[in-house]
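This report examines the packing of one structure, taking in a loop residue, selected helices, the nonpolar core and the aromatic pairs.

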Amino acid sequence: MRPPNSVAVKLNLHFLEVSGTWKPNDAERRAAWELYVEIITRVAAVPLAQSDGLLREALNSLHSLFQTTRDSLRRYGPAVAEPKPDGQYNFGFLAIALLNFGIRPLLNRWHPALEDWEATRPINQSRGEHERVWDRASLLRADLTATAELLMSYASTLAEVCGVPDLSDAVPRNSPSTNSPIAVRRTMSPPNL
């Protein structure tokens, strides 16, 4: 599969709507692949069922995308943020917009709120049990689900830029419960090459 010369970009980043085209250069494609792999393999890309996972782990996973993105921007240098004609987007702008408009508001709102709740955990209660009884846990899970959908949309764009099949079918849309007596099976076909 050959990478396309141009891709359509459409992302709703809560406070910013990004819509237009992106004609990536080789450095942008390499940076896009790196970030694609990071996003598609994170716990933050999988919605958490009410009884699964830890909210703290999901927030930490999102937070670590900042360092990963910074590293990519430094590694691939100014070529990933070069100005493009006709208002086209570049990797640098899209990556920074995702962080600042798609992820940062969630972290700003929920990191301190969860930290305050965590400080009230009784010593004899597990972290998971304590999170599950938090009256705001379902609100945070809903925000995490919306952010996971945003990440998967962004990842699809990155896959297209790289000229690779979108591997998002290998990412569960609903986190299968580890406590479930019945395993949900899905038949997946290999991606079209």
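## Surroundings of N90

Leaving aside residues up to four places away in sequence, N90 touches W22, E28, V80, A81, E82 and K84. The model is a predicted one, and it places N90 in the loop between α2 and α3. With a relative accessible area of 9%, N90 is buried, because the limit for that class is under 20%.

The side chain of N90 also has a polar atom 3.1 Å from the backbone nitrogen of G92.

## Helix α1

The N-terminal end of α1 is capped by N25, which has a side-chain oxygen 3.1 Å from the backbone nitrogen of A27.

The buried residues of α1 are A27, E28, R29, A31, A32, E34, L35, Y36, I39 and I40. Their packing partners are β2, α2, α3 and α5. E28, one of these buried residues, is also among the residues touched by N90.

## Helix α2

Helix α2 has 22 residues, and the distance from its first C-alpha to its last is 32 Å, close to the 32 Å expected at 1.5 Å a residue. Just after α2, G77 adopts a positive phi of about 70 degrees.

Burial in α2 involves L55, R56, A58, L59, S61, L62, L65, F66, T68, T69, S72 and Y76. These buried residues pack against α1, α3, α4 and α5.

## The nonpolar core

The largest nonpolar core contains 49 residues. Those with the most contacts inside this core are W22, I39, L62, F91, I103, Y154 and L158. Two or more residues are contributed by each of β1 (7-12), β2 (17-22), α1 (26-40), α2 (55-76), α3 and α5.

W22 is in contact with N90, I39 belongs to the buried set of α1, and L62 belongs to the buried set of α2.

## Aromatic pairs

Across the whole structure, a search finds five aromatic pairs. In one of them, the ring centres of W110 and W134 are 5.8 Å apart and the planes stand at 90 degrees, so the arrangement is edge-to-face. This pair links distant parts of the chain, 24 residues apart: W110 lies in helix α3 (residues 91-118), and W134 lies in the loop between α4 (127-132) and α5 (137-162). W110 counts as buried at 0% relative accessibility, and W134 is likewise buried, with a relative accessible area of 6%.

W134 also pairs with W117 in a stacked arrangement, at 6.3 Å centre to centre and with 15 degrees between the planes. Here too, distant parts of the chain are linked, since W117 in helix α3 and W134 in the loop between α4 and α5 are 17 residues apart. W117 has 22% relative accessibility and therefore counts as partly exposed. Together, W110, W117 and W134 form one aromatic cluster.

Definitions and conventions
Residues numbered from 1 in each chain as written. Predicted model: local features only at pLDDT ≥ 70, side-chain atom pairs only at ≥ 80, totals over all residues. Heavy atoms only, no water. Phe/Tyr/Trp six-rings, centres within 6.5 Å; stacked < 30°, edge-to-face > 60°. Helix = DSSP H or I, 4+ residues; strand = E, 2+ residues; numbered from the N terminus. Buried < 20%, exposed > 50% of the residue type's maximum accessible area, 1.4 Å probe, protein only. Core = buried A, V, L, I, M, F, W, Y, C linked by side-chain atoms within 4.5 Å. Polar contact = N/O pair within 3.5 Å; in protein donor to acceptor, adjacent residues only side chain to side chain. Contact = heavy atoms within 4.5 Å. Expected span 1.5 Å × (residues − 1).
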